[in-house]
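I opened my notebook to look up a few things in one protein. My entries follow the model below.

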Amino acid sequence: MMSFAVFDILYAMADTIVKPLMFLHGDSFIVFSSGVLHGRTTIGSEACCAICALFCASVAFLGLHFIYRYIVVCQSYKLYLFTWPYSTIWIAFVAFFTAYWGLVCYFLLCPDRSFREYIRGSFAAAFEDDTLNVGFIGALYYTVQNSTTVVNWGYCAGIANLLLIQFTTFSIIIYCGPHIYFNLTKVTLSARTRNLQIQLFRALVAQTLLPLFLCYIPCTMIFLVPLSGLQLGLQVLL
């Protein structure tokens, strides 16, 4: 819990500096900085990669919470895995997902000139700014050239990797959650211990559902909506 609290503080500080916004246009979406790094193309893009990596870290931390609660309730004999030096496993767990997401954003979702030109007009109309002078990351799924639809496989691969990571972490939550609940109803515990474990589980569920519906699902929908080609022109605070 302490690690999660410290992470939330750092995440909030980074979010305050970067102030990420998401913008949808046609077959694309972008994440850009509306904070102090707004007018810096290179460092602005890198900052967006970093904030997206922290976004993934928050999901990884939630998954880790469920793993810990699962071991406490269902396999308490494995609690040694959360003591030193075995706890480095979980540090590596969070670090892997964070680094993977960040590197995917950096190498596969940083825009080229054609992407900047594609979104330039709508971005200027919405923000009175030029995408050539703004650091952002995003995906342009496909373009039409001479009446031929051309799929941008690099951007598609990037989003596919991000969705895979999200699916993996949420699979952990979906697996551990029901097992924790049903084991709490079966195992022999004192009334006080059972009530404590139930309260902790409820707190964990609430801690998961709020960002799930307010952040994770909306962001996933933003990944997918441009595939429909709808001209939404949405602006979303990340």
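This is a predicted model: local features need pLDDT of at least 70, side-chain atom pairs count only at pLDDT 80 or more; totals for chains, interfaces and linings use all residues.

**Entry 1: the cavity**

Residues are numbered from 1 along each chain as its sequence is written, and side-chain values use heavy atoms, with hydrogens and water left out.

Rolling a probe the size of a water molecule over the atoms shows where empty space is left. I searched the whole structure and found one cavity of 30 Å³ or more. The largest cavity holds about 100 Å³ of space. Its lining has 14 residues, and Met 22, Val 31, Cys 52, Trp 101 and Phe 223 are the closest to its centre. A cavity here is a set of points, on a 1 Å grid over the protein atoms alone, where a 1.4 Å probe fits but cannot get out; lining residues have an atom within 4 Å of a point. Grid points are joined across faces, edges and corners, and a volume is the space filled by probe spheres set on the points.

Which elements each supply at least two residues of that lining? I listed strand S2 (28-33), helix H2 (41-74), helix H3 (88-108), strand S3 (136-140) and helix H6 (191-224). Helices (H or I, at least four residues) and strands (E, at least two) are DSSP runs, numbered from the N terminus.

I looked up Val 31 next, in strand S2. Val 31 is buried because its relative accessibility is 4%; buried means under 20% relative accessible area, exposed over 50%, and partly exposed in between (1.4 Å probe, protein chains only). Val 31 and Leu 21 are 10 residues apart in sequence, and their C-alpha atoms are 5.6 Å apart in space.

Ala 139 lies in strand S3. Its relative accessible area is 0%, so Ala 139 is buried.

**Entry 2: a hairpin**

How many bridges join strand S4 and strand S5? I found four, in the antiparallel sense, between S4 (residues 142-145) and S5 (residues 148-151). Two strands pair if DSSP finds at least two bridges between them. Thr 143 has Val 150 in S5 as its bridge partner. Gln 145 has Thr 148 in S5. The hairpin has two residues between the strands, and Asn 146 takes a positive phi near 55°.

**Entry 3: aromatic rings**

A pair of aromatic rings is described by the distance of the centres and the angle of the planes. Rings of Phe, Tyr and Trp (its six-membered ring) pair if their centres lie within 6.5 Å; planes under 30 degrees apart are stacked, over 60 edge-to-face, and the rest tilted. By this rule I counted 24 aromatic pairs.

Why is the pair of Tyr 106 and Phe 107 edge-to-face? Their ring centres are 5.0 Å apart and their planes stand at 90°, so the pair gets that name. Tyr 106 is partly exposed at 39% relative accessibility, and Phe 107 is exposed at 60%.

Tyr 181 and Phe 201 form a tilted pair, 6.5 Å centre to centre with 35° between the planes. This pair links distant parts of the chain, 20 residues apart: Tyr 181 is in helix H5 (residues 153-186) and Phe 201 in helix H6. Tyr 181 is partly exposed at 45%, whereas Phe 201 is buried at 10%.

I also noted one aromatic cluster, formed by Tyr 68, Phe 82, Trp 90, Phe 93, Phe 96, Phe 97 and Tyr 100.

**Entry 4: the whole chain**

I ended with the overall picture. The protein has six helices and six strands. Of its 238 residues, 44% count as buried. The C-alpha trace spans about 70 × 35 × 30 Å along its principal axes.

Definitions and conventions
On a 1 Å grid over the protein atoms alone, a cavity is a set of points where a 1.4 Å probe fits but cannot get out, and a pocket is an open set with protein on both sides within 12 Å along at least five of seven lines; lining residues have an atom within 4 Å of a point.
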